[in-house]
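Dear colleague,

Here is the structure that I promised to pass on to you. My notes on what was found in it follow below, and I would be glad if you read them alongside the model.

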Amino acid sequence: MKKSLTEIANHFGTDKGTEGPSQKWNPHNYTDIYEPYLDNFRESHINFLEIGLGVTGKNWRADIVHGKNSGGASIKMWYEYFSNAKIFGIDINECSYLDNDRIKTFVIDQGTIKQLDYFMEKSGIDEFDIIIDDGSHIPDHQQTSLSYFFKKLKKGGLYIIEDLLDNGIGDNKSGRMSSNKVVNTRNVLKQFYLTGKFSTPNMLSDEAYLASNIEWIRFHAPEKSIKYKLGKSIFHPIGKKYYYKKDSEKVCVIKKK
Ligand SMILES: C[S@@+](CC[C@H](N)C(=O)[O-])C[C@H]1O[C@@H](n2cnc3c(N)ncnc32)[C@H](O)[C@@H]1O
């Protein structure tokens, strides 16, 4: 029997699965969400791109590289899962040691258009079937990459953004993944989903192209929380009642018309 995407993820130690690189790491279990979307493509001769490969180096400290994960766990997973795909990866850290007969990596900053143009020229690919953004998670970068690469996606293709965080204007977050220039990417896309208009300020270019070429967006992996009620003087949990927190989804899948 063929292995599931989650089993392959766990073998290589990407946190997209249910185990991650080690017990110290919180895995996301995105792969159980992805497999129904990806199964139809499994044996197809597709062009696949991942942004952000989980490789450590001088440009970014990728803490995920430890335990079972010797670097590039997710691209190794895609290689095994998509048995006939051409697989491209971009990262700001050098990782050509991952290249093989069907994998090709490039040192590219996902937030710099000139570098994205360079990547497209060198890849020799006009359009991708599936693109997944697991790079810096900075909203500016996610939105720049979405605007750029949505135009390079085939009709009917899928664009996935991982780790939609509360890290934009108004979220009061600081650190290497936060932005004080744009609204967080979940909010930008949910507004579009709900109203047909993207929240601003954002880093999207050619919103009209996006608006007229998005067939649908699905949001997944909302956070769970315990329900609290006010006790005599402190908050305390009511038994073990959980609810899904509104607007906390971590992943979205976007289909192109
Ligand atoms: C969360 S890790 C990716 C994990 C990997 N996809 C996995 O599932 O195992 C994020 C990666 O994004 C890369 N990265 C950070 N900033 C970037 C940028 N501006 N452009 C491209 N890659 C970037 C980091 O070097 C790191 O390898």
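**Glutamate 35 and its contact**

The side chain of glutamate 35 makes a polar contact with the side chain of tyrosine 81, at 3.4 Å; such a contact is a pair of N or O atoms within 3.5 Å, of which, within protein, one must be able to donate a hydrogen and the other to accept it, and residues adjacent in sequence count only if both atoms are side-chain atoms. This is a predicted model, in which local features need pLDDT of at least 70 and side-chain atom pairs count only at pLDDT 80 or more, whereas totals for chains, interfaces and linings use all residues. Residues are numbered from 1 along each chain as its sequence is written, and side-chain values use heavy atoms, with hydrogens and water left out.

Glutamate 35 belongs to helix α2, residues 31-38 (helices, H or I with at least four residues, and strands, E with at least two, are DSSP runs numbered from the N terminus). With a relative accessible area of 17%, glutamate 35 is buried (buried means under 20%, exposed over 50% and partly exposed in between, with a 1.4 Å probe and protein chains only).

**Aromatic rings**

Across the whole structure, a search finds 15 aromatic pairs (rings of Phe, Tyr and Trp, the last by its six-membered ring, pair if their centres lie within 6.5 Å; planes under 30 degrees apart count as stacked, over 60 as edge-to-face and the rest as tilted). One of them joins tyrosine 148 and phenylalanine 149, whose ring centres are 5.2 Å apart and whose planes stand at 85°, so the pair is edge-to-face. Tyrosine 148 is buried, at 11% relative accessible area, and phenylalanine 149 is buried as well, at 0%.

Arginine 176 lies over the face of tryptophan 60, 4.0 Å from the ring centre, and lysine 256 lies over the face of phenylalanine 150, at 5.5 Å.

With kind regards

Key:
A charge sits over a ring if NZ of Lys or CZ of Arg is within 6 Å of the ring centre and within 35 degrees of the ring normal.
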